[in-house]
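Please work through each task with the sequence and the model in view before reading its solution.

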Amino acid sequence: MSPNATPTALPERGARTISKQVIAWASWDWGASAINAVMTTFVFTVYLTSSAFGNTDSNTAALSLALTIAGFTIALLAPVTGQRSDAGGRRRFWLGVNTALVALATAAAFFVFPDPRFLILGVSLIAAASIFSEVAGVNYNAMLPQISTPKTIGKISGFGWGMGYVGGILALSLVLFLFVQPVLDWSGASTDNALNIRLVAVFSALWFFGFGLPVLFAVPEISRRQKMAKVSILESYRQLGRNVASLWRTERNTVFFLIASAVFRDGLAAVFAFGGVIAAGTFGFELSEVIVFAIVGNLVAAAGALVGGVLDDKIGPKAVILGSLVGLLIAAGGVFLSPDATGFWIFGLLLTLFVGPAQASSRAFLARLAAEGHEGELFGLYATTGRAVSFLAPGFFTLAVVLATSHVPAGGAQRYGILGIMLVLLIGLFLLLPVRKPNHSTPQENA
């Protein structure tokens, strides 16, 4: 670290200053929830795959293809963009640029009219927002060591995840009651030319950009690495290859964690991705019931992330992740065996309770492993490995359903997809077991 570099942890500035930085940092997570919950999960992608754009199967295929291309793009870009922002001292700058690009791509979705001619525009904008959001997230996650100390990193990571869940609840509720099923009679709720849904895109863009701004003012820019010459994109990839090879030789434990976390994080994502599908298809939930369950589930997940963050700093992230994965397996088994909707409510909410701590502690685990000045590159690899195995949970879910179809009564096979998700979580748990826990104490502690 150079004499002029900004310290990674700032305990000497006082709790009050750190608290403001943490709140500003977590505000970005709050804002990003509108993109995740509203645009890509519950509202806008549902609009794009509806009959308003033609054949629903073709629309779904088009959206899936666009998101697949986006996933490959993220896998290629994430580690190099993180590496270059680390080296150039431009972490905050690129977080701001990509935040603005997400907002612009999202706002542009206002011009996606309910006509098959606009389908390509719609799925392209969703894919672009996904790419910019992930690249922004690399720099955002890399800031975690800047606004925490080794003794508080778990709690702060959990606070960020919790803010994201709560922000998603509020954003989704506002969209539901202002645009989708309005409680007020106002022009923005008009369904003519899908105006209400198109305005949801504008709302999401403003929500994300507005709550994404505070971190850009509160958290200082990192210092540029001394004696680091500017290099081409091609040379950045060569350097990335050398760094990964070095990581394998000298920090193999970090590589093993990246692999293990990629697997269990895919299982965690599947809990939410298929939760609504199972609620409706297996347990007979109406759409309104699914939305209510999603809101309550996000509240429970937020509480779990906060509690898990506190435990992370006391017993370490590995213990929290392992405990959460065991809890998830038990809860998923309960959902699988539940005979009715009551059982789904009980065990489904228990599932969401353990998702938050696992996600937050996974981020904190990697932040503790990251060498100073290389956080962006490592979180870029974190994003890349996650994308590389993102087919696992959907694939095992589908395989389990297909295998069960000929052996159970009609309409009963979907339940068996839960076993596919459980298998992914179990594989992730076993891969994590041999990974050494990170050191709670580092030089940053006394920075």
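**Exercise 1. Which aspartate forms a salt bridge with arginine 368, and how far apart are the closest N and O atoms?**

Solution. Arginine 368 pairs with aspartate 312, with 2.7 Å between the closest N and O atoms. A salt bridge here is a side-chain nitrogen of Lys or Arg within 4 Å of a carboxyl oxygen of Asp or Glu. The two residues belong to distant parts of the chain, 56 residues apart: arginine 368 lies in helix 13 and aspartate 312 in helix 11 (residues 287-315). Helices are DSSP runs (H or I, at least four residues), numbered from the N terminus.

The model is predicted: local features need pLDDT of at least 70 and side-chain atom pairs count only at pLDDT 80 or more, whereas totals for chains, interfaces and linings use all residues. Residues are numbered from 1 along each chain as its sequence is written, and side-chain values use heavy atoms, without hydrogens and water.

Next, consider burial (buried: under 20% relative accessible area; exposed: over 50%; partly exposed in between; 1.4 Å probe, protein chains only). Arginine 368 counts as buried because its relative accessibility is 10%. Aspartate 312 has a relative accessible area of 0% and is therefore buried.

**Exercise 2. Which parts of the chain does the pair of aspartate 29 and arginine 363 tie together?**

Solution. The closest N and O atoms of aspartate 29 and arginine 363 are 3.5 Å apart, and the pair forms a salt bridge. Because aspartate 29 lies in helix 1 (residues 15-42) and arginine 363 in helix 13 (residues 341-369), the pair ties together parts that are 334 residues apart in sequence. Both aspartate 29 and arginine 363 are buried. The count of salt bridges by this rule is five.

**Exercise 3. Which residues have the most contacts inside the largest nonpolar core?**

Solution. They are Trp25 and Phe44, in a core of 116 residues. Helix 10 (residues 252-281) contributes the largest share, 13 residues. A nonpolar core is a set of buried Ala, Val, Leu, Ile, Met, Phe, Trp, Tyr and Cys residues joined through side-chain atoms within 4.5 Å. Beyond its neighbours within four places in sequence, phenylalanine 44 has contacts (heavy atoms within 4.5 Å) that include Val38, Ile126 and Ala201.
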